[in-house]
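Please open the model in your viewer and keep the selection panel at hand. The tour below goes from one selection to the next and says what is found at each stop.

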Amino acid sequence: MMNKIFAAMIILSVICSIFTGRAAEVSDAAINSCVEAVELFLYLIGGMCMWGGLMKIAEKSKLTDKIAVAFRPLARLLFKDIDLNGKAFHAICLNVTANMLGLGNAATPLGIEAMKALEKEDNACGTASRNMVVFTVLNTASITLIPTTAASLRSKHGSEAPMDILPCVLITSAAALAIGLVTAVILDGFGKTGVKKK
């Protein structure tokens, strides 16, 4: 679906540029954007490799297990009947840790692994269980302690203090997470108290 949307946008842009006499500008923008995308990738890959390596070290040194122990009380409140020693809970802990470090790209494969494990644990056949919905919210609106990617982008564009956004990031991510989780729990309760089919 997204491929069709992007294809339509590109075709529409080319058609509009032809009728408005700006075909050369669109061509230049396309070429420059490709170059900038590669430059941005090369700039960000260093930071991602470093933090991804630290995540691997944390996993090998059993630090993530300690994080999992600290996360257990909250997990009991958020996730119903989840196996605290299971694969899903371990992947959730790694995902939360990666998101807290601002490593969205590192968190994505961990999130997919956690979702697959939750699907098996909850026996969710084609539908999202409550635990899967709560995890989606937790992954999407997670609290970010170290905004690695945002700080890297700010540094690239000349910011003298790329980490000075930290207070704002903490407040907004905490607020988004709280609102998301409360909404998920309320809607889950609303679905259960709905009208039963005859």
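**Starting at helix α4**

Begin by selecting α4 and colouring its buried residues, which are Ala-88, Phe-89, Ala-91, Ile-92, Cys-93, Leu-94, Asn-95, Val-96, Thr-97, Ala-98 and Asn-99. Bear in mind throughout that this is a predicted model. The helix is mostly covered, with 11 of its 14 residues buried. It runs over residues 87-100, and from the first C-alpha to the last it reaches 20 Å, close to the 20 Å expected at 1.5 Å a residue.

**Into the nonpolar cores**

Next, select Phe-71, Phe-79, Ile-82, Phe-89, Ile-92, Leu-118 and Leu-138, which touch the most other members among the 24 residues of the largest nonpolar core. Two or more residues of this core come from each of α3, α4, α5 (104-122), α6 (130-140) and α8 (166-192), and α4 gives the most, with 6 residues. To look at one of these members in detail, centre the view on Phe-71: leaving aside residues up to four places away in sequence, Phe-71 touches Phe-79, Phe-89, Ile-92, Cys-93, Val-96 and Leu-138. A second, separate core has 7 residues, among them Leu-94, Ala-98, Leu-101 and Leu-110.

Is Asp-81 buried or exposed? Its relative accessibility is 78%, and Asp-81 therefore counts as exposed, the cut-off for that class being over 50%.

**Helix α1 and the surface patch**

Finally, select Ile-10, Ile-11, Val-14, Ile-15, Ile-18, Phe-19 and Val-26, which form a nonpolar patch on the surface with about 690 Å² of accessible area together. Helix α1, residues 2-20, gives the most to the patch, with 6 residues. Within α1, pick out Ile-15, which counts as partly exposed because its relative accessibility is 39% and that class lies between the 20% and 50% cut-offs.

Then select Ser-17, also found in helix α1. Ser-17 has a relative accessible area of 5% and is therefore buried, whereas Ile-15 is partly exposed. If residues up to four places away in sequence are not counted, the contacts to display around Ser-17 are those with Arg-22, Ala-23 and Val-26, and Val-26 belongs to the nonpolar patch selected above.

Conventions. Residues numbered from 1 in each chain as written. Predicted model: local features only at pLDDT ≥ 70, side-chain atom pairs only at ≥ 80, totals over all residues. Heavy atoms only, no water. Helix = DSSP H or I, 4+ residues; strand = E, 2+ residues; numbered from the N terminus. Expected span 1.5 Å × (residues − 1). Buried < 20%, exposed > 50% of the residue type's maximum accessible area, 1.4 Å probe, protein only. Core = buried A, V, L, I, M, F, W, Y, C linked by side-chain atoms within 4.5 Å. Contact = heavy atoms within 4.5 Å. Patch = residues over 30% accessible without salt bridge, like charges linked within 9 Å, V, L, I, M, F, W, Y side chains within 5 Å. Areas by Shrake-Rupley, 256 points an atom, 1.4 Å probe, with all protein chains shown as cover. Salt bridge = Lys/Arg side-chain N within 4 Å of Asp/Glu carboxyl O.
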